[in-house]
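Biologist: I would like to learn how to read metal sites, charged pairs and pockets in a model of this kind. Could you take me through them one at a time?

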Amino acid sequence: MRAAIFAREGRPTGCLLQIEDVPRPEVKAGHVLLRVIACGVCRTDLHIVEGDLPAIQPRLIPGHQIVGEVFDGATLELPLGSRVGVSWMGGVDGDCWYCCHGMENLCDKPVFTGYSVSGGYAEYVLVRSDFAYPLPAGLDDVHVAPLLCAGIIGFRSLSVAGVTPGERVGLFGFGSSASLAIPILQSWKCEVYAVTRGESHRKSATSLGATWVGQEDDKPPVELDRAITFAPSGKVVVSALASLRKGGVVAINAIHLDQMPAFDYDTLLWGERQIRSVANMTRQDARDFLAIAKELKIRPHVTSFALEDANKALLAVKQETADGSAVIVM
Ligand SMILES: [Zn+2]
Ligand SMILES: [Zn+2]
């Protein structure tokens, strides 16, 4: 099969992924083999291939927003040819303290799709059957792909931040995940305040109906109940914190931050303000979000790339030049 490979060592300079022919995986117990139809490109993929996250495998196929059809290893729940989605959480041990306490997103022995095991930048991918979600009809292949990480984890961020209907919510750093959170916030009658450095992102937040849109150093005109940061930048977290009312919460939707700058406790965190990180997702988050996405008819803007152009897709995410979410289409 054709696949885009990340090699920890021996890469030609300037080349993140190499397109190669590799053996197709064989189906094994508890798994299904999918024929990949589309795979969304996430900022985490960039953190993996640029070494912000430690390399677990010497050679790896990235990609964890996979839309595929069951090709081998079909089950009653996942019949042959049925369409499923696969996300970042590719498996858990099921018996650690976190799994036993309803927090499988924090599992001690997690499997991460496209990081600890190979992912969807390929014609086929082997995934755990219990981490493949049947996809609702009405969400087409290419547009459902970005929902599978950006959407699900953006949705989880809203609950980590404790958003309740009618609140004022800030979205700091605007990308795929933030744009997918807006329709949900609107359905909850929340006011959305978007702060982002990219002009195209400000336009997109405006067109999605944000109440107020500002530039990187602008402060929202009102105190926020909740804020979610999407940029891999500690400075953005501090800006978000500075916009909160007393008792407000900042949720950080980023697997990697450059660093957290020092900040003044007395003015910024005092008053029972909270900073929380958002780590991974549970299967229930995925099911809940996919149901909401269907109901609200959430349909992201996407830019499609061929598998051969996987490097271009990663660069588009890095340079924020993709119009909407980047998706590799087989
Ligand atoms: Zn566990
Ligand atoms: Zn992701």
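**Charged pairs, metal sites and a pocket**

Modeller: Let us begin with a charged pair: the side chains of K318 and E50 form a salt bridge, with N and O 2.7 Å apart. K318 belongs to helix α10 (residues 310–318), whereas E50 sits in the loop between α1 (43–49) and β4, so this contact ties together parts that are 268 residues apart in sequence. Please keep in mind that this is a predicted model.

Biologist: Are K318 and E50 buried or exposed, or something in between?

Modeller: Buried means under 20% relative accessible area and exposed means over 50%, with partly exposed in between. K318, at 38% relative accessibility, therefore counts as partly exposed, and E50, with a relative accessible area of 33%, is partly exposed as well.

Biologist: How many salt bridges does the count come to?

Modeller: The count comes to 18 salt bridges. One of them joins the side chains of E20 and R59, at 3.0 Å from N to O; because E20 lies in strand β2 (residues 18–21) and R59 in strand β4, the pair ties together parts that are 39 residues apart in sequence. R59 is partly exposed, its relative accessible area being 43%.

Biologist: Which residue forms a salt bridge with E191, and which strands do the two partners lie in?

Modeller: The partner of E191 is R168, and their closest N and O atoms are 3.5 Å apart. E191 lies in strand β12 (residues 191–195) and R168 in strand β11 (residues 168–172), so parts that are 23 residues apart in sequence are tied together. Both ends are partly exposed, E191 with a relative accessible area of 31% and R168 at 32%. Salt bridges can also be linked into a network, as they are for E104, R128, D130 and R283.

Biologist: Turning to the metals, which residues coordinate the zinc ion (ligand 2)?

Modeller: The zinc ion (ligand 2) is coordinated by C42 through SG, H64 through NE2 and C149 through SG, at 2.0 to 2.2 Å. The spacing of these donor residues in sequence is C-x21-H-x84-C. H64 is in the loop between β4 and β5 (66–72) and C149 in the loop between α3 (141–144) and α4 (150–160), so the two tie together parts that are 85 residues apart in sequence. H64 is buried, with a relative accessible area of 0%, and C149, at 5%, is also counted as buried. Water is not among the atoms, so a site may look incomplete.

Biologist: What is the arrangement of the donor atoms around the zinc ion (ligand 1)?

Modeller: Its protein donors are D93 (OD), C96 (SG), C99 (SG) and C107 (SG), lying 2.0 to 2.3 Å from the zinc ion (ligand 1). The 4 donor atoms subtend angles of 92 to 118°, and the arrangement is therefore tetrahedral. In sequence these donor residues follow the spacing D-x2-C-x2-C-x7-C, and C96 and C99 are both buried.

Biologist: Finally, how much space lies in the second largest pocket, and which residues are closest to its centre?

Modeller: Rolling a probe the size of a water molecule over the atoms shows where empty space is left. Here the second largest pocket holds about 370 Å³ of space, and of the 24 residues that line it, V117, S118, G119, V125 and L126 are the closest to its centre. The elements that give two or more residues to this lining are β4 (59–60) and β9 (124–128), and β9 supplies the largest share, 5 residues. By class, the lining of the second largest pocket comprises 16 nonpolar, 5 polar and 3 charged residues.

Terms used. Residues are numbered from 1 along each chain as its sequence is written. Chains are lettered from A and ligands numbered from 1 in the order in which they are written. This is a predicted model: local features need pLDDT of at least 70, side-chain atom pairs count only at pLDDT 80 or more; totals for chains, interfaces and linings use all residues. Side-chain values use heavy atoms; hydrogens and water are left out. On a 1 Å grid over the protein atoms alone, a cavity is a set of points where a 1.4 Å probe fits but cannot get out, and a pocket is an open set with protein on both sides within 12 Å along at least five of seven lines; lining residues have an atom within 4 Å of a point. Grid points are joined across faces, edges and corners, and a volume is the space filled by probe spheres set on the points. Helices (H or I, at least four residues) and strands (E, at least two) are DSSP runs, numbered from the N terminus. Ala, Val, Leu, Ile, Met, Phe, Trp, Tyr, Cys and Pro count as nonpolar, Asp, Glu, Lys and Arg as charged, and the others, Gly among them, as polar. A salt bridge is a side-chain nitrogen of Lys or Arg within 4 Å of a carboxyl oxygen of Asp or Glu. Buried means under 20% relative accessible area, exposed over 50%, partly exposed in between (1.4 Å probe, protein chains only). Donors are N, O and S atoms within 2.8 Å of the metal (3.2 Å for Na, K and Ca); water is not among the atoms, so sites may look incomplete. Four donors count as tetrahedral if all angles lie between 85 and 135 degrees; four count as square planar and six as octahedral if opposite donors are over 155 degrees apart and all others between 65 and 115; anything else is irregular.
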